Amino acid sequence: MVHWLQHETGGLLTLCAVSIAVLLFLIIKVKLEPFIALLVSGLALALVAGLSVEEIVGTALSSKESVLEKGFGGLLGHIAPIVGLGTILGAILERSGGADVLTRRLLSVAGERGAPLAMGLAGLIFGIPVFFDVGIFVLAPLVYITARRGGRSLVLYAMPLLAGLSMTHAFLPPHPGAVAVAGLLEVPLGWLIIFGLICGIPAFLVAGVAWGAWIGKRIFIEVPDEYVVAEKDKAEKGEEEPEPSLALVGLIIAVPLVLILLATFSTVWWEDSPALPTLTFIGNPVVALTLAVLLAMYLLGIRRGISTAELSDLAARSLRPIGMILLVIGGGAFFGAVVSATGVGKALATTMSDAGLPVIVLAYLIACGLRVAQGSATVAIVTTGGIVAPLVKAEDYSDPHIALIAIAISAGSIIASHVNDGGFWIISRYFNMSVRDTIKTWTVLETILSIVGFAMAAALSTFI
């Protein structure tokens, strides 16, 4: 029995399934923090699969080569600075009023009929540098005002906004899930940006614009009086601050994306160019985001009268919520490293080959199952990425194809948001919806966004 579990394909697959079941049980029933649950599940899998103590945790004198340290620390070394810098950039854009400027300009150009699309574009653009929930907190008041002025359902304006925020959060760097899956599958972020946009924008249009317009006419949600307040005073002393220009906000958001893309494609376009080292350096995600943060600190902060002390405090406060996110990602990376070390990945590859199931389909289905079962998109991404990474490495896939597999995982991680997802409750409360109405609107939106995003990735993978 022990030999079958540790060496035979059926036994290894059984071990993997049981370890995932244990993980879900610890998160859902025991209510254990996902980070701790991932560590416990990974350690249990490693021990039962027959890895030695030295392989798992190293020796009393050194643990540098252990699965625990290499699995946990390797990925965090890649993503921690990217997520941290992206968080600070988003906080500065929020504090400066950049979101208000962007949204109001879009609304003025689109007019009353185009207001839902304008809200969606605001979510799409502002969602690149800020976390999903922060985007809701910042932009929701503008949705309330627009819905009240238009005399139409709050749903009509909220759905496009949420689709834009959700798509960028799931598919694009510097968000934690996208960066984590890129690290796990070892694909350049430039390719993830390209295919995140190619697959994500059609998904946004179908889920946010088309579905939002349809459901917004069928479910009427009023804007409560207490939701509509006077525009908040950005200055604590009651003084009105000058707003940044739309061009400046757009420039700061675009800088890191453009630099990362240049670095990715310069290796192909300008392979022999003397400029290649410079482009590679400034296009490294950490360097590109550092430059963007410094630009934002000066152009949106210091030049507009915000002191360096206030900017430092803002950065410190913005970083506090990401600690647990990084720990969950590290725990998921360790779990994936155990899956690889035990040989489960090879067993899964053999089974898939026999069944004729493409890796991209398997990745999507695993991510969907984990998302529906335990609610966290981040846990779904890092766990799926760890399971699928050995399969990807075993095949001779190009970087674009691996990026599409990463998009499939991200798409699966957002399907069917329901009551076990914290985002579900934020949306229910912020947009005055009952649980029933939130399921009819938000849950369906996320499912459409997931399916269309995956369909685009799967279709493209047949040609790339």
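Analyst: The largest cavity has a volume of about 80 Å³. A cavity here is a set of points on a 1 Å grid over the protein atoms alone where a 1.4 Å probe fits but cannot get out; points are joined across faces, edges and corners, and a volume is the space filled by probe spheres set on them. This is a predicted model, in which local features need pLDDT of at least 70 and side-chain atom pairs count only at pLDDT 80 or more, while totals for chains, interfaces and linings use all residues. Residues are numbered from 1 along each chain as its sequence is written, and side-chain values use heavy atoms, with hydrogens and water left out.

Two cavities of 30 Å³ or more are present. Lining residues are those with an atom within 4 Å of a point. For the largest cavity they are Leu89, Ile128, Pro129, Pro173, Pro174, Ile193, Ile253, Pro256, Leu257, Ile260 and Leu289. Helix H12 (residues 246-269) gives the largest share of this lining, four residues; helices are DSSP runs of H or I with at least four residues, numbered from the N terminus. By class the lining has 11 nonpolar, no polar and no charged residues, where Ala, Val, Leu, Ile, Met, Phe, Trp, Tyr, Cys and Pro count as nonpolar, Asp, Glu, Lys and Arg as charged, and the others, Gly among them, as polar.

The second largest cavity holds about 40 Å³ of space. Its lining consists of Val83, Gly86, Thr87, Ile128, Pro129, Val130, Phe131, Pro174 and His175. Ile128, Pro129 and Pro174 therefore line both cavities. This second lining divides into six nonpolar, three polar and no charged residues.

In soluble globular proteins, nonpolar side chains tend to be buried together. Neighbours within four places in sequence aside, Leu185 is in contact (heavy atoms within 4.5 Å) with Gly385, Ala389, Val392, Ile402, Ile405, Ala406 and Ile409.

Conventions: On a 1 Å grid over the protein atoms alone, a cavity is a set of points where a 1.4 Å probe fits but cannot get out, and a pocket is an open set with protein on both sides within 12 Å along at least five of seven lines; lining residues have an atom within 4 Å of a point. Helices (H or I, at least four residues) and strands (E, at least two) are DSSP runs, numbered from the N terminus.
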